[in-house]
Amino acid sequence: MNTKTKVFISLSAAIFCFMLLALRPVNIDLDDSYEISGYVLSVKETGGPGDIFLTLEDDETRYYINRGAQNGLNISELQRVLTHKKVTIFHADHWTPIDPLGGKQHILKLMKGNKIVYDETARPQIVTKKIP
């Protein structure tokens, strides 16, 4: 085997491993999640199609609800009810080489007080359109 073939095989294997790590599904088990509480600074629909991002005070991490708008969450209602309010976020314990420092975290469950705003872990999925 010549050097070019070895380099090609090695590079192909590295790309394949990278893709496996980058595209693996998010574990939505709450037992394997992290819990964080804080005051919401902003709620925006950015990123992927229908993704809803929340930023918290004194926290550089951006938390997102994957395809939240597509699943019935109303961005205006979320902004009205959550901005400057204390929430509890349960986010997935998920590392990917696309975001190696964890700057974006996948929200599994979002609560305001004792009210569930969003819960990806429930079967069937709970998504409130009108938040109390």
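Biologist: In what order do the elements of the protein chain run from the N terminus on?

Modeller: This is a predicted model. The secondary structure comes to two helices and seven strands. From the N terminus on, the order is α-β-β-β-α-β-β-β-β.

Biologist: What percentage of the 132 residues count as buried?

Modeller: Buried means under 20% relative accessible area. In the protein chain, that share of the 132 residues is 37%.

Biologist: How much of the accessible surface belongs to carbon and sulfur atoms?

Modeller: The accessible surface of the protein chain is about 8200 Å². The part from carbon and sulfur atoms is 56%.

Biologist: Is D58 buried or exposed?

Modeller: Look at the loop between β2 (52-56) and β3 (62-65), where D58 sits. Its phi is positive, near 55 degrees, and D58 is not a glycine. Most residues other than glycine have a negative phi. The relative accessible area of D58 is 84%, over the 50% cut-off, so D58 is exposed.

Biologist: Which class of accessibility does R67 count in?

Modeller: R67 lies in the loop between β3 and α2 (75-82). R67 also has a positive phi, about 55 degrees, without being a glycine. Its relative accessibility is 39%, between the cut-offs of 20% and 50%, so R67 counts as partly exposed.

Methods. Residues are numbered from 1 along each chain as its sequence is written. This is a predicted model: local features need pLDDT of at least 70, side-chain atom pairs count only at pLDDT 80 or more; totals for chains, interfaces and linings use all residues. Side-chain values use heavy atoms; hydrogens and water are left out. Helices (H or I, at least four residues) and strands (E, at least two) are DSSP runs, numbered from the N terminus. Buried means under 20% relative accessible area, exposed over 50%, partly exposed in between (1.4 Å probe, protein chains only). Accessible areas come from the Shrake-Rupley method with a 1.4 Å probe; for residues, only the protein chains shown count as cover.
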